[in-house]
Amino acid sequence: MRAVEFQEYGDPEVLKVVQVETPEPGPGEVTVDAAYAGVNFADLKARAAGYRVESLPFRPGLEVSGRIRAVGHGVEGLRPGQDVVALVNHGAYAEVVVAQAATVFPLPEGLDPRTAAALPTVLPTAHALIHEVGRLRAGESVLVHGAAGGVGTVAGQLARAAGAGAVYGVVSSPAKAGHALKHGYDEVFTADTFSDDVRRATDGRGVDLVLDPVGGDTLRRGLYALAVFGRLVSFGNASGAEPWHVGQPELYTQGRSVAGLSVLALAQSAPEALRALSERAFRTVTDGTVSLPVTAEFPLSDAAGAHRLMGGRTSMGKLLLRTAD
């Protein structure tokens, strides 16, 4: 079968199509004949800097849609020939993908495999940011960094559906503002001025919830954009900055709090919790609460092209790889 791997870290050109043996499922696993794979920023960080890479060669890819090829010993509730979507630790850039059965889901009703491939990381992440971790209440305000990206596109819609009083977004360039404004946002700021813009938009009060995938100085500025008793949820470190430590001086004076989220870590530490979260999140698509636009699609053989587009910070919505060239 074909797969995309890299044997060294570097630019998108290190991604190579290789011929490898078709895998068989082990106990508690299934194999999926892939239709589509999602492209995520974590894939770029793996390729460029070794993020979550245990050894080389490495096959990126965290989410896949397709049809179950085979099931391993002990797997219940899943069968060969079943259309599914799955979250995997890595390896989705391939024609056949191995997945733990605990993070394999029957294709949500009414969804096609192309749309479904965009769900496994984005939907549970956004849902948890707004509800389970962020605990947004009706009437509260929220600020979302990366508002035009996959998670941001969903988070804006979920915040609006949850009755947020105001939904603000942050984008890396003015060109992305229009996309965010179509997906739940009241006002969109650029990254270099967002903290001042928040204070202006809220008459100096600040926002109740900040969702930050950037880290570094952006996280620090986001903390000070919070209202009294505000919450900040960190769900990434796209900046690559050294972790910024938050302690008593920053939190005590106004009762602020900081939390964190990674669905990949949750999949390892509490797979049943992730499964329940994912099922709740997927329902927001099937019931029409959320739409997740796929804005670009590449053949598996051009994974490098997908990485160049996302790495150029001009992409919006969700990017996919299509297995059939």
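Mentor: Arg135 is found in the loop between H3 and S8, where helices (H or I, at least four residues) and strands (E, at least two) are DSSP runs numbered from the N terminus. The model is a predicted one, in which local features need pLDDT of at least 70 and side-chain atom pairs count only at pLDDT 80 or more, while totals for chains, interfaces and linings use all residues. Residues are numbered from 1 along each chain as its sequence is written, and side-chain values use heavy atoms, with hydrogens and water left out.

Trainee: What is the phi of Arg135, and which peptide bond is cis?

Mentor: Most residues other than glycine have a negative phi, and most peptide bonds are trans. Arg135, however, has a positive phi, near 50°. The cis bond runs from Leu56 to Pro57, with omega near 0°, and Pro57 sits in the loop between H1 and strand S4 (63–71).

Trainee: How many helices and strands does the protein chain have?

Mentor: The secondary structure comes to 11 helices and 15 strands. The radius of gyration (over C-alpha atoms) is 20 Å, close to the 20 Å that the globule rule (2.2 Å times the number of residues to the power 0.38) gives for 325 residues, so the chain is as compact as a globular protein of that length. Along the principal axes, its C-alpha trace spans about 60 × 40 × 35 Å.

Trainee: In which order do the 6 strands of the open sheet lie?

Mentor: The order is S10-S9-S8-S11-S12-S13, with parallel pairing, two strands being paired if DSSP finds at least two bridges between them. S10 (187–190) and S13 are the edge strands, each pairing on one side only. From one strand to the next the twist averages 20°.

Trainee: How many bridges join S11 to S12, and how many pair S12 with S13?

Mentor: S11 (residues 207–212) and S12 (residues 226–234) are joined by 5 bridges, with Val207 opposite Leu226, while S12 pairs with S13 (residues 257–260) over 4 bridges. Across the latter pair, Val233 faces Ala259 and Ser234 faces Gly260. S11, helix H7 (residues 216–223) and S12 also make a right-handed β-α-β unit (with the strands pointing away from the viewer, the path from the first strand over the helix to the second runs clockwise).

Trainee: Which strands does helix H6 lie across?

Mentor: H6 (residues 194–201) lies across S8, S9, S10, S11 and S12, running at about 150° to S10. H7 packs on the sheet as well, touching S8, S11, S12 and S13, at about 155° to the direction of S12. Contact means heavy atoms within 4.5 Å; axes are lines fitted to C-alpha atoms, for helices over the stretch in contact, and angles run from 0 to 180 degrees between N-to-C directions.

Trainee: At what angle do H3 and H10 cross?

Mentor: Two packed helices are described by the angle between their axes and the distance between the axes. The axes of H3 (residues 122–132) and H10 (residues 271–286) come within 8 Å and cross at roughly 95°, which makes the two helices roughly perpendicular (under 35 degrees counts as roughly parallel, over 145 as roughly antiparallel, 65 to 115 as roughly perpendicular and the rest as oblique). Among the residues in contact are His127 and Glu132 of H3 and Arg280 and Phe282 of H10.

Trainee: Which residues of H1 and H11 meet?

Mentor: Phe41, Asp43, Leu44 and Arg47 in H1 meet His307, Met310 and Gly311 in H11. The axes of these helices lie 10 Å apart, at an angle of about 105°, and H1 and H11 are therefore roughly perpendicular to each other.
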